[in-house]
Amino acid sequence: MGANTSQVTDLSENTSLKALVGTESISENDPFWNQLNSFTFITPKKSGDSKLLEEAVVPLAKTLIQNNPRTGNFGALVRVFLGRTKELKISTECQDQLFIWQAHNALFMIRCLVKVFIREMSEEELLQQFSFQERAPGSSGSEDLLEELLLNLVHLIVEVPLLDITYSILFEAVTTLLIFFSYQLFHKDILRDGLIYQHIMKGRCLELTSRLVKTLLYNFIRQEKCPPPAAHIFEPKAEGGLLYGLASGVASGLWSVFTLGGAGSRAGIDQDNNLLPLSNQSLLLLLVLANLTDGPDWPNPFRQAITCFRNTQDTSSLPVEPPHTFQINFNSLYTALCEQQRSDQATLLLYTLLHQNANMRTYILSRTDMDNLVLPILEILYHVEDRNSHHVYMALIILLILTEDDAFNRSIHEVVLKNISWYTERSLTEISLGSLLILVVIRTIQFNMTRTRDKYLHTNCLAALANMSAQFRSLHQYAAQRIISLFALLSKKHNKVLEQATQSLRGRQGDNTALPDYAQDLNVIEEVIRMMLEIINSCLCNSLHHNPNLVYALLYKRELFEQFRSHPSFQDIMQNLDTVIGFFSQRLEQAGSDLSVERVQEVIMKGAQALPKDRLKKFPELKFKYVEEDQPEDFFIPYVWSLVFNSGVGLHWNPHGIELFSMDSG
């Protein structure tokens, strides 16, 4: 960074950078800026080098903080960049790569400095750093430079076309906006107001809301890789000259950061983020903007835009256009969502659109290739032990929202899948999407019961199963077995807690102080058992003739249910199960002894047609609807910023100063 610098370790000794942060004012018209912005910084390539870059920038930024009130050099740097942004579109049309690269370099320096400023000072003090300019010779006006910079960044993102020569500066503009919101990282409480919030949500940026959201979505949709290095972008001049080494600096340096890990590389980061830096960073910025809280007297316009955008194929007119609405290609967005579900941020975007945008939800539910979306979600849940808890939670909520729709619950049993490679517990040569969903959700419940014991997780799992239960069709033999085996696990757990409570009571000789804990555990388990019985009952009442495998599994493990027949919490629901078990048991006895599996199944199939429906007591339909918790920002804002912290390309923060979340969260 700085003219001709090539190593991180050189930064502190670089002459141009020392002048920038030094005690002498530099006019924004000085040729110095051309020299400063023509650096050939070789971007770090190894994991952790972003940390080295941060450590090298911090002392320079702190020196500038001390001297800037007298020199105004930071404001001059910002104005130099703003001067160049006015000509960026023309430079793009003229293929003026040198001009674009110098503008990029100026913005890169601004971003690095602002990142340190935000950590070191309040918003009010940050604004002062932008306003120190009167002592700089040749400085212009005293307009709100901070707002001007934010406005220009938004203009740059929405107006400059995405080409090979503009990729880097567009990435830098998105990243810089992201940095401006990073104050939240250093506050435990959720920030609900502030200068930057006001500039973005109600200032001159407001009219660009829909265009910014649309552009960020299209950046995500396009999944453009960082362009490969082009040979001889510029012919090198004499050593030390203005253009020295720009070819290697622009091409190999930037390319290496994105393809080899580079500044954004940290342990545990998906390397795909670095292969698709603009897509990844745009998605992170979009999620940050969408989850900003409403201001004291204004709504979050970005959430409004995300809530109401429509399909480009939608030609209908609305009586009143919602604020900040726009149209986007739903097919392209759906395809990108299907392809990118391995990342937390893509799953969170899918959740956001399903939950908040009725147009997108209707479109997704109308697709005939839902397996392309559901399979990646199921794969997340199948590998629950390798995923963070938030990612698993969002995947489950997505399934819960989808299962609210009866047409979805019917259609998933009509989609036949073959050879699911990631399902390794047993070979599934052929299974319906519905049966696979049941298998994976039950596996998630069992994992949760033995490991995390998160009540919300298994509640949402059971709610999804309950929503589907009336539409269970042709359950795979293994899916039917897993339903009953889950009930067996619950029964065993119930008996164990009951036994522990009894032993504790005997050991204490009448001292009941320990019993409330056991009572609470017992209540939770019995709630889950009740839900499982209702799910089985719903299937038997609504689609008995479609599910001989479930009846077979029920009969095979009939002794599991005997202890609950007289239990006051289960007596009503057990009546139907007793009726079904009794009816089919009698049929099998009449068919003779030593029956083969095939003969048993034949008897069950015929019996299912013969059982009068009025013999089964009707219960209210099982329907659960997802509702966000009160103050959802308490969950989503820390989650989104943990994604920025862990997945932002080319970004590093010292974890010791982070207040918003603990380092092991998520």
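In the predicted model, the axes of helix H8 (residues 145-159) and helix H10 (residues 195-202) come within 10 Å of each other and cross at roughly 45°, where axes are lines fitted to C-alpha atoms, for helices over the stretch in contact, and angles run from 0 to 180 degrees between N-to-C directions. H8 and H10 are therefore oblique to each other, given that angles under 35 degrees count as roughly parallel, over 145 as roughly antiparallel, 65 to 115 as roughly perpendicular and the rest as oblique. Leu146, Glu147, Leu150 and Val154 of H8 form the contact with Ile196, His199 and Ile200 of H10, contact being defined as heavy atoms within 4.5 Å. By class, the contact of H8 with H10 comprises five nonpolar residues, one polar and one charged, with Ala, Val, Leu, Ile, Met, Phe, Trp, Tyr, Cys and Pro counted as nonpolar, Asp, Glu, Lys and Arg as charged, and the others, Gly among them, as polar.

His199 has its place in helix H10 and, at 12% relative accessibility, counts as buried (under 20% relative accessible area, with exposed meaning over 50% and partly exposed in between, for a 1.4 Å probe and protein chains only). When residues up to four places away in sequence are not counted, His199 touches Asp144, Leu146, Glu147, Leu150, Arg204 and Cys205. The C-alpha atoms of His199 and Glu148 are separated by 9.3 Å, although these residues lie 51 residues apart along the chain.

A further helix pair is formed by H11 (residues 209-222) and H15 (residues 301-308), whose axes come within 9 Å and cross at roughly 60°. That angle makes H11 oblique to H15, and H11 passes H15 in a right-handed crossing. On the H11 side, Thr209, Leu212 and Val213 meet Pro301, Phe302, Ala305 and Ile306 of H15; the residues of this contact divide into six nonpolar, one polar and no charged.

Two other buried residues were examined individually. Ile377, found in helix H19 (residues 371-382), counts as buried at 1% relative accessibility. Leaving aside neighbours within four places in sequence, Ile377 is in contact with Gln341, Thr347, Leu350, Ala395, Ile398 and Leu399, and the C-alpha atoms of Ile377 and Leu399, 22 residues apart along the chain, are separated by 8.0 Å. His652 is placed in the segment after helix H29 (633-647) and, with 14% relative accessibility, also counts as buried. Beyond residues up to four places away in sequence, His652 touches Ser50, Lys51, Glu54 and Lys115.

For the protein chain as a whole, 29 helices and four strands are assigned, helices (H or I, at least four residues) and strands (E, at least two) being DSSP runs numbered from the N terminus. Buried residues make up 57% of the 666 residues in the protein chain. Of the contacts with a separation of 6 or more, 75% are accounted for by residues 24 or more positions apart.

Residues are numbered from 1 along each chain as its sequence is written, and side-chain values use heavy atoms, with hydrogens and water left out. As this is a predicted model, local features need pLDDT of at least 70 and side-chain atom pairs count only at pLDDT 80 or more, while totals for chains, interfaces and linings use all residues.

How values were computed
A crossing is left-handed if the near helix is turned anticlockwise from the far one by less than a right angle, and right-handed if clockwise.
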